[in-house]
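Hi,

Here is the structure I promised to pass on. Have a look at it first, and then read my notes below.

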Amino acid sequence: GAISITPDAVITATRSIDAGTGGNVTTSKIDGTVGQNFGLTINGNAVAVGAIGTVNANGIGSVSITGATSITANGNITTGNTATPTTAISLTAPTVTITSFTVDSGTAQNGRKISVITDTFLSASATVNAGTTGIFQIAPSTATNTIDVFQGTQNDKANSVYDLGMA
């Protein structure tokens with residue numbers, strides 16, 4: 001079934017929110033207790049999240065979101081300055097939509113990874129900060145697909161900056 005988390009929530013331990021592949025998940029803002037670097041895992045069919053980890057310093061240490069059909073991130077996602085796990089933020093779905101916001105894996109702790117595994121990555125404007133030695137990874141969820149990076153709109157092939165063939 002569907003899971004909806006409103007109003008804003010503060011987690012006090014590592015948490016998993018799992019609606020299975022048939023249930024949708026919708027959340028307002030989620031944060032963790034100051035300095036605890038808790039993990040947050042969300043699984044569902046269509047997943048829509050508000051801001052994560054933006055209020056309490058080092059409250060959220062890692063975020064893993066998997067959507068069977070889609071992920072929509074409607075707010076900033078920030079993880080704390082911790083060394084583990086090495087993947088700070090992981091978003092996996094056939095379609096990932098990021099509204100205008102910042103994804104930050106904790107700039108003081110370099111070397112952590114932000115991973116987006118998707119066939120369709122939509123963003124009007126996003127800032128991704130994996131630190132000076134971190135990794136921002138984007139890969140298709142279907143092995144035969146390619147990833148095009150555009151300077152203009154997604155349908156403006158004339159302004160294609162890169163074509164990352166994965167086949």
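Predicted model: local features only at pLDDT ≥ 70, side-chain atom pairs only at ≥ 80, totals over all residues.

Asn 58 sits in the loop between β6 and β7, and its phi is positive, about 55°, although it is not a glycine. Asn 58 counts as partly exposed because its relative accessibility is 28%, which falls between the 20% and 50% cut-offs.

There is another asparagine of this kind: Asn 37, with a positive phi of about 50°. Asn 37 lies in the loop between β5 (30–32) and β6, and at 22% relative accessibility it counts as partly exposed too. The backbone also has a cis peptide bond, joining Thr 6 and Pro 7, with omega at about -5°. Pro 7 belongs to the loop between β1 (3–5) and β2 (9–11). I flag these spots because most residues other than glycine have a negative phi, and most peptide bonds are trans.

Now the overall picture. The protein has 0 helices and 17 strands. Of its 167 residues, 35% count as buried. The accessible surface comes to about 8000 Å², and 50% of that belongs to carbon and sulfur atoms. Among contacts between residues at least 6 apart in sequence, 46% join residues at least 24 apart.

On strand pairing, β7 and β9 run parallel, joined by 4 bridges, and Ser 64 stands opposite Ser 90 in β9. β9 also pairs with β12 in the parallel sense, over 5 bridges; there, Thr 92 stands opposite Ile 117 in β12.

The largest nonpolar core has 27 residues, and Ile 42, Ile 52, Ile 65 and Leu 91 touch the most other members. At least two residues of this core come from each of β6 (38–49), β7 (60–73), β9 (87–92), β10 (95–98) and β12 (113–117). Leaving out residues up to four places away in sequence, Ile 42 touches Ile 17, Val 25, Val 47, Val 49, Ser 64, Ile 65 and Thr 66.

Thr 27 is in strand β4 (residues 25–27) and, beyond its neighbours within four places in sequence, contacts Ile 5, Ala 48, Val 49 and Gly 50. Between Thr 27 and Asn 74 there are 9.6 Å in space, C-alpha to C-alpha, with the two 47 residues apart in sequence.

Cheers

Definitions and conventions. Residues numbered from 1 in each chain as written. Heavy atoms only, no water. Core = buried A, V, L, I, M, F, W, Y, C linked by side-chain atoms within 4.5 Å. Buried < 20%, exposed > 50% of the residue type's maximum accessible area, 1.4 Å probe, protein only. Contact = heavy atoms within 4.5 Å. Areas by Shrake-Rupley, 256 points an atom, 1.4 Å probe, with all protein chains shown as cover. Pairing = 2+ DSSP bridges.
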